Amino acid sequence: MASHSDTLVVFFGATAGANGGKLGSDEREIILLVWQIVDLHEKKVGKIQQRLIKPDTLELTDQCKEETGLTVEELGKADHLDTVLQQFQQAVSAEVKALGRSSYTLCVDGPLLIRQALHPEASKKNLVLPECFYQFVDLKREFHRCCPNAGPVKDLSLPSMLEYLCLPAVNEQLAGVREVKSMMMIIQHILAEPYNHKFSSLEPVKYKFESGACSKTEAVDSETVIRARGLPWQSSDQDIARFFKGLNIAKGGVALCLNAQGRRNGEALVRFINSEHRDMALERHKHHMGSRYIEVYKATGEEFLKIAGGTSNEVAQFLSKENQVIIRMRGLPFTATQQDVLGFLGPDSPVTDGTEGLLFVKFPDGRPTGDAFVLFACEQYAQNALKKHKQILGKRYIELFRSTAAEVQQVLNRYMSTPLISTLPPPPMVPVPVLAAPPFITTASTRDCVRLRGLPYTAGIEDILEFMGEHTIDIKPHGVHMVLNQQGRPSGDAFIQMKSADRAFMVSQKCHKKMMKDRYVEVFQCSTEEMSFVLMGGTLNRSGLSPPPCKLPCLSPPTYAAFPSPAAMLSAEALYQPPLLATPRTPQPPTHSPAPALTYYSPQPQLYMNMNMNYTAYYPSPPVSPSTVGYFAAPPGSMAAAVAQPPPPVLPQPGALVRMQGLPYNAGVKDILSFFQGFQTETSMHVLS
């Protein structure tokens, strides 16, 4: 647009709902536009033009009827907004041309009509506004610059400005005409002596949202940030910018929030250029995006930086290419290369700068996560790429979504800060007289254990020992612990207790990604505390360790406080009874000393447990080991001594308990007694419901 100093178009509008200081806050449609032209050089004034607009919903609030004097019948005969805007542009252009001028600028009484009413409604109705609506003159700001003693801008109104200039109030009954005449009187007065004001400050409206990167060291004013909640999960930064159409969002100022699984949670943090735009954004609380209403709240700069800020040079370089459309790819094969991705996208969706426009997301140890971000130079290329959503690459289908610069930062920050096994924070410890831990499982934080991840589901103890090879000699007696999932099936994970932290480190270095059957197994060093946490019911996921679910109405693990008899040893067959027996069998003596071999829970000690965890939601597999020591390359000294000793007799167990898991729902007491036929059992039995 040419210089704004030629002509001003004094512009006023009203909606079918709230007007004045609340204009646009209730999403009601515009029903009235009034305008008048003034030549700033010749001080000539044109004719006042008034247009009624027919809204899609023919309803008027009582306040609107009182302020405008309009009726539903009058509006029903009017034209729609798109037609009236065309009439406005044609009429103003013709009149400006008749005055011999080449350009014009809108002049409004505050920004609400343009920013909060006209642009949002045009965006919802997919109307393309003329260029003149993307910059305007705010009469209140110009008046404050001309008369700074009149008071702050937010307190100015047409009556107060007329009063300050000692001008009489306009006596006019027609809606909108009164306001336009008042604005015209103020403009003509400040153009003349002694003010000789020059209209030089333009208020811009951004055409589109600009993406960009944000550094964690950047200063973000908390008075410019809001949190939007209730967004559709597939919303992009452009969709959010469209919701706030008319308000100027800072470059890269839309940060979509992700949940713990890395998926969008329906929230976003939005940063505006100043606090005035933030305050107008808060007025859009519970406005609609499609059929969903969006909640808008205040947020802080710290929250925005936590989501959108980044420190990676690789990400900064990737996002340095401006005005690019970002697409996120999820579910890529771990072996996928840059050329594989480029071939998958094809020639119809060329990636910006080839491989430079690809960013693979990786774990701290360099392992791929299956996620990648791709840059496209235009919307058409991105649309072509999105058509390949859920198509196959290798043996996997690939998901494609629109993404944002803030999401790139957030995903990279999350994966790069994820430990291989998270360090457990010290929980509040409360002594509870419950089942004590096995003697060989301690709560020390020494990293003398290893975690195996990615085991074949058919793998057993023997397979793990064969996988460990020469390192089996460094395994503690009965230090192999399989982890089951909530359904009681193998989870693909196991923990192994080594004799020392050095041995555990050596195993993690030499056995990491070693093949077992047709799968490679990952080996990580961890602490006994972390292992015990999992074996007591915690779960494993990509984020590390997490407590077991707490929604199942289960009872706590049984205690031995009610059994005064001394500790006694159970036989292996009695403690770990197989789930099904074809025929009853008699107890067999152990093949070696049961002292180190059995997982016995002593009745005396007290185990300090985190009371915030429900350990009964499900039970992990019992700590088991091979039935003989023949699997070890060389038996440890302690075990060799145990083998040399004769096995002690199996003593009766007056206070021993066995927990049975996976019983049929219709099983009764007789079925359970029949199951234990051949064993010495007490008649005391508790069925958990």
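How many Å² does the accessible surface of the chain come to, and what share of that surface belongs to carbon and sulfur atoms? The accessible surface is about 34600 Å², and 54% of it belongs to carbon and sulfur atoms. Accessible areas here come from the Shrake-Rupley method with a 1.4 Å probe, and for residues only the protein chains shown count as cover.

## The model and its confidence

This is a predicted model, in which local features need pLDDT of at least 70 and side-chain atom pairs count only at pLDDT 80 or more, while totals for chains, interfaces and linings use all residues. Residues are numbered from 1 along each chain as its sequence is written, and side-chain values use heavy atoms, with hydrogens and water left out.

The average pLDDT of the chain (the predictor's confidence in each residue, from 0 to 100) is 78, and 75% of the residues score at least 70. Over residues 419-443 the pLDDT is below 50, yet this stretch has 64 contacts in the model beyond near neighbours in sequence; contact means heavy atoms within 4.5 Å. Residues 590-643 also stay under 50 in pLDDT, and the model has 123 contacts for them beyond four places in sequence.

## The chain as a whole

Let us step back for the overall picture. The chain has 21 helices and 27 strands, taken as DSSP runs (helices are H or I, at least four residues; strands are E, at least two) and numbered from the N terminus. Of its 689 residues, 48% count as buried. Buried means under 20% relative accessible area, exposed means over 50%, and partly exposed lies in between (1.4 Å probe, protein chains only). Among contacts with a separation of 6 or more, 74% come from residues 24 or more positions apart.

Helix H7 covers residues 177-191, 15 residues in total, and reaches 21 Å from its first C-alpha to its last. That is close to the 21 Å expected at 1.5 Å a residue, where the expected span is 1.5 Å times one less than the number of residues. Its buried residues are Val 177, Glu 179, Val 180, Ser 182, Met 183, Met 184, Ile 186, Ile 187, Ile 190 and Leu 191. An α-helix has 3.6 residues a turn, so residues three or four places apart point the same way. The partners of the buried H7 residues include strands S1 (7-15), S2 (30-39), S3 (49-52) and S4 (105-108), as well as helices H5 (139-146) and H6 (158-164).

The loop between H7 and strand S6 (203-204) holds Pro 194, and a cis peptide bond with omega of about 5° joins Glu 193 to Pro 194. Asn 196 is found in the loop between H7 and S6 too. Its phi is near 50°, a positive value in a residue other than glycine, and at 36% relative accessibility Asn 196 counts as partly exposed. Most residues other than glycine have a negative phi, and most peptide bonds are trans.

## Strand S21

His 478 lies in strand S21 (residues 475-484) and has a positive phi of about 60° although it is not a glycine. At 8% relative accessibility, His 478 counts as buried.

## Aromatic rings and charges

Rings of Phe, Tyr and Trp (its six-membered ring) pair if their centres lie within 6.5 Å; planes under 30 degrees apart count as stacked, over 60 as edge-to-face and the rest as tilted. The count by this rule is nine aromatic pairs. Phe 243 and Phe 244 have ring centres 4.8 Å apart and planes at 85°, so the pair is edge-to-face. Both of these residues are buried. Phe 11, Trp 35, Phe 88 and Phe 133 form one aromatic cluster.

A charge sits over a ring if NZ of Lys or CZ of Arg is within 6 Å of the ring centre and within 35 degrees of the ring normal. The charged end of Arg 396 sits over the ring of Phe 334, 5.9 Å from its centre, and Arg 519 lies over the face of Tyr 457, at 6.0 Å from the ring centre.

His 287 is found in strand S11 (residues 287-289) and counts as buried at 7% relative accessibility. His 287 and Ser 25 are 262 residues apart in sequence, yet 8.3 Å apart in space, C-alpha to C-alpha. Beyond four places in sequence, the contacts of His 287 include Ser 25, Phe 243 and Tyr 293.
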